[in-house]
Amino acid sequence: MSDTAPDRFGLPGTPIFDGETSRRGLRMNKLFMSLRTAENRERFLADEAAYCQGFGLTPEQQQAVLDRDWQAMIDLGGSIFYVYKLAMMDGRSMQYLGGVFTGMGEEDFLAAMRAGGRRDG
Amino acid sequence: MSDTAPDRFGLPGTPIFDGETSRRGLRMNKLFMSLRTAENRERFLADEAAYCQGFGLTPEQQQAVLDRDWQAMIDLGGSIFYVYKLAMMDGRSMQYLGGVFTGMGEEDFLAAMRAGGRRDG
Amino acid sequence: MADVIWGLATSHVPSIGAAMDRGKTEDPNWKALFDGYAPARAWLAEHRPDVAIVVYNDHANGIDLDFVPTFGLGTAEQYEVADEGFGRRPVPDVVGHPELALHLVESLVDEEFDLTVFQELHVDHGFTVPLSVWTPDPGDAWPCPVIPLLVNVIQYPQPTAARCYALGQALGRAIRSYPEDLTVGVLGTGGMSHQLAGARAGFINPEFDARWMEQIQTDPAALAALSREELIRQAGAEGIELIMWLVMRGALDDEITKVHSDYFVPASNTAAGIALFDNRGSQPG
Amino acid sequence: MADVIWGLATSHVPSIGAAMDRGKTEDPNWKALFDGYAPARAWLAEHRPDVAIVVYNDHANGIDLDFVPTFGLGTAEQYEVADEGFGRRPVPDVVGHPELALHLVESLVDEEFDLTVFQELHVDHGFTVPLSVWTPDPGDAWPCPVIPLLVNVIQYPQPTAARCYALGQALGRAIRSYPEDLTVGVLGTGGMSHQLAGARAGFINPEFDARWMEQIQTDPAALAALSREELIRQAGAEGIELIMWLVMRGALDDEITKVHSDYFVPASNTAAGIALFDNRGSQPG
Ligand SMILES: [Fe+3]
Ligand SMILES: [Fe+3]
């Protein structure tokens with residue numbers, strides 16, 4: 001877990017999208033949701049920083065979006081269902097994201113899933 | 001009560017805005033809510049029939065709006081809080097509407113309210 | 001631990017706000033109403049809480065009929081005052097209290113209240129008029145952060161009176177379980193008897209209102225036992241919004257002290273009431 | 001009187017819909033999953049209800065985070081299929097059943113479930129994938145009108161598992177109290193174990209899933225006793241959406257007959273399950 005999301009639930013490695021997280025990520029998640037339309041995707045791609053500023057992202061959130069730092073987006077309040085809209089736009093799959101979050105890389109992550117999924121410990 | 005709103009509650013003279021009524025009046029109530037902006041009020045006033053059609057009102061609802069038939073608007077699914085947006089645009093008060101609904105006229109209605117309000121039968 | 005220090009019940013008729021905004025409080029049609037507010041306002045000015053919770057309903061301004069939540073709770077940092085059609089009221093936007101609000105959400109959902117959580121909400125006269133009743137001259141800011149608690153009173157089926165009272169009781173428990181020391185004021189708004197449409201428009205029932213005013217202090221369970229239909233029969237189609245007073249009442253102790261109450265007819269088409277209760281047990285004022 | 005004739009639990013992973021929409025159901029990665037659906041689909045095709053209720057959650061398509069209802073129920077005549085970003089699924093829009101839906105709202109609000117009532121709603125894969133699992137080739141229309149029942153599983157605090165089960169039980173009573181003779185199918189969607197983000201992404205728990213699959217039939221009260229935290233620990237951060245199966249289960253009788261079930265890993269990052277239950281008591285099939 002990151003500094004900004006202390007693990008009050010005792011569930012390590014498991015981001016919980018609670019009210020405080022949702023509050024922190026609201027503007028950024030709204031941006032992600034806006035990417036459902038082709039028109040907004042074009043506007044975003046034409047000037048990503050300006051688009052982020054239009055949605056009122058914090059500097060850290062904007063940097064995470066520009067860098068496609070998926071883990072940082074989650075830490076800064078992104079909901080995976082919303083973050084995924086940006087990944088989809090980039091042509092990235094949920095398995096690609098799984099590879100990023102676990103540090104395994106997409107191929108190994110996919111292989112682990114096909115082998116029955118990952119287990120605790 | 002009108003034909004379209006049978007008094008299933010046993011409360012004569014008392015419109016109940018229930019789910020069925022809300023469903024019947026949805027498009028019309030949306031029109032009323034849209035009148036909160038000056039721009040929409042101008043568009044409405046420029047061509048009321050076209051504006052009604054744009055919102056998908058039934059012919060009866062459209063006629064009620066064009067005629068400022070306040071009772072018909074209620075009978076056809078209007079919520080008083082939404083219908084009132086149209087009345088406000090026309091410069092009409094809630095007392096004016098009370099005069100219409102009761103058949104007393106605004107002045108007598110206002111006098112009755114100042115005398116302590118109306119009572120049952 | 002947070003504590004509810006007072007409960008304020010008040011009508012939220014838009015014309016009360018308009019009379020204030022237009023400087024008509026000394027007008028003969030209005031003077032008695034505002035004179036009746038004076039003792040409550042004076043006491044409230046001496047007892048500013050750290051946070052307030054306003055139990056209210058929206059009137060086609062902040063939400064529409066696409067979705068109607070039975071109960072909604074706002075967790076935002078700020079609530080803009082809605083433009084209801086002809087410019088917003090000249091009053092400050094509302095600062096929220098997300099920390100307490102999020103605590104309330106968790107407590108109430110755990111107690112099986114199926115809240116809708118709002119992070120974005122424009123508040124209308126149902127919300128700002130009670131704040132003006134409390135604080136006529138807020139200047140740049142209301143006296144404290146405020147949390148909106150929305151109740152569906154417009155579209156049948158409204159929550160039952162019993163459910164509103166139970167929500168208030170759970171709200172009281174939730175407030176008392178907050179880890180920080182905070183004082184809280186709770187406002188229950190709406191009413192009293194009135195009906196806006198239909199052949200019975202203009203209906204006012206002072207006997208019922210007197211009963212309500214008495215029992216909201218002494219026997220809220222009796223009021224919580226009333227059915228929707230009985231409430232509409234006795235208080236008028238729109239008077240049913242009195243159920244919001246029961247949410248406020250539930251958050252207070254069984255024994256409360258009345259500071260002041262008053263009753264006035266008509267505010268527009270409505271019987272207007274105010275009732276202020278001290279909830280600080282045996283503590284001195 | 002209306003009767004629940006069957007309950008169907010199924011995952012609603014978007015890639016299941018995508019595999020169907022792109023003709024990949026015979027692909028080696030998918031064939032076993034769709035083969036596992038076949039017996040349920042065959043039985044369902046023989047037992048078309050008059051109305052279906054789909055218990056599901058939205059995924060940032062029909063609603064956003066401005067307001068998050070714990071429970072929502074749709075009373076609309078029609079629900080458009082959402083465009084989730086790259087064109088809507090090539091499946092029919094959904095015809096609603098306002099009459100039954102309004103009856104359910106009144107019954108459930110009377111039973112103190114604080115619903116949010118939707119008259120306008122775009123439905124996403126959480127809703128359409130289960131319909132596709134049931135009916136792979138709907139042609140121009142789904143087999144019957146459908147009522148959406150939304151559950152917040154995305155933003156903590158979700159309703160407890162116990163509350164979901166209680167909602168299902170009240171839903172069953174509400175259906176049985178409908179004055180018209182109607183047959184009803186109830187779909188509980190989501191799950192099974194999975195987690196999409198965090199260091200534990202990709203987590204799958206076949207032992208827990210097997211327990212869930214067994215007890216959803218034989219001992220739903222045991223599942224309803226699990227806390228949010230325990231569900232997330234056992235089923236993953238997103239696996240908590242299994243609570244929606246409990247709403248479906250609550251609407252069925254205590255004794256139900258399993259028609260078919262199957263389990264498959266992975267559908268995307270998810271363990272996918274299907275379980276079909278006959279609720280017609282001792283009646284012959
Ligand atoms: Fe009101
Ligand atoms: Fe899901």
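## A loop residue in chain D

E112(D) sits in the loop that runs between α3 (98-110) and β7 (116-118) of chain D; helices here (H or I, at least four residues) and strands (E, at least two) are DSSP runs, numbered from the N terminus. This is a predicted model, in which local features need pLDDT of at least 70, side-chain atom pairs count only at pLDDT 80 or more, and totals for chains, interfaces and linings use all residues. Residues are numbered from 1 along each chain as its sequence is written, chains are lettered from A and ligands numbered from 1 in the order in which they are written, and side-chain values use heavy atoms, with hydrogens and water left out.

Most residues other than glycine have a negative phi, and most peptide bonds are trans. E112(D) is also partly exposed, with a relative accessible area of 28% (buried means under 20% relative accessible area, exposed over 50%, partly exposed in between, with a 1.4 Å probe and protein chains only).

S268(D) is not a glycine either, yet has a positive phi of about 50°. You'll find S268(D) in the loop between β11 and β12 (270-278) of chain D.

Then there are the cis peptide bonds. In chain D, the bond from V265(D) to P266(D) is cis, with omega near -10°, and P266(D) belongs to strand β11 of that chain. In chain C, the bond from V265(C) to P266(C) is cis with omega near -5°, and P266(C) is part of strand β11 (residues 257-267) of chain C.

## The iron sites

Which residues hold the iron ion (ligand 1)? The protein donors are H12(C) and H59(C), each through NE2, plus E241(C) through OE, at 2.0 to 2.3 Å. Donors are N, O and S atoms within 2.8 Å of the metal (3.2 Å for Na, K and Ca); water is not among the atoms, so sites may look incomplete. The donor spacing in sequence is H-x46-H-x181-E. H59(C) comes from the loop between β2 (51-56) and β3 (67-69) of chain C and E241(C) from the loop between α8 (228-235) and α9 (243-251), so this pair ties together parts that are 182 residues apart in sequence. Both H59(C) and E241(C) are buried.

Over in chain D, the iron ion (ligand 2) is coordinated by H12(D) (NE2), H59(D) (NE2) and E241(D) (OE), at 2.1 to 2.3 Å. Their spacing reads H-x46-H-x181-E. H12(D), in the loop between β1 (2-10) and α1 (14-21), and H59(D), in the loop between β2 (51-56) and β3 (67-69), link parts of chain D 47 residues apart. Both of these histidines are buried.

## Where chain D meets chain A

The contact (heavy atoms within 4.5 Å) takes in 38 residues from chain D and 40 residues from chain A. About 3500 Å² is buried between these chains, with carbon and sulfur atoms giving 58%; buried area is the accessible area (1.4 Å probe) that two parts lose on being put together, summed over both.

Four salt bridges cross this interface (a side-chain nitrogen of Lys or Arg within 4 Å of a carboxyl oxygen of Asp or Glu). One of them joins E207(D) to R119(A), whose closest N and O atoms are 2.4 Å apart. On the chain D side, α6 (206-218), α8 (228-235) and β11 (257-267) each supply at least two residues, and α8(D) gives the most, with three residues.
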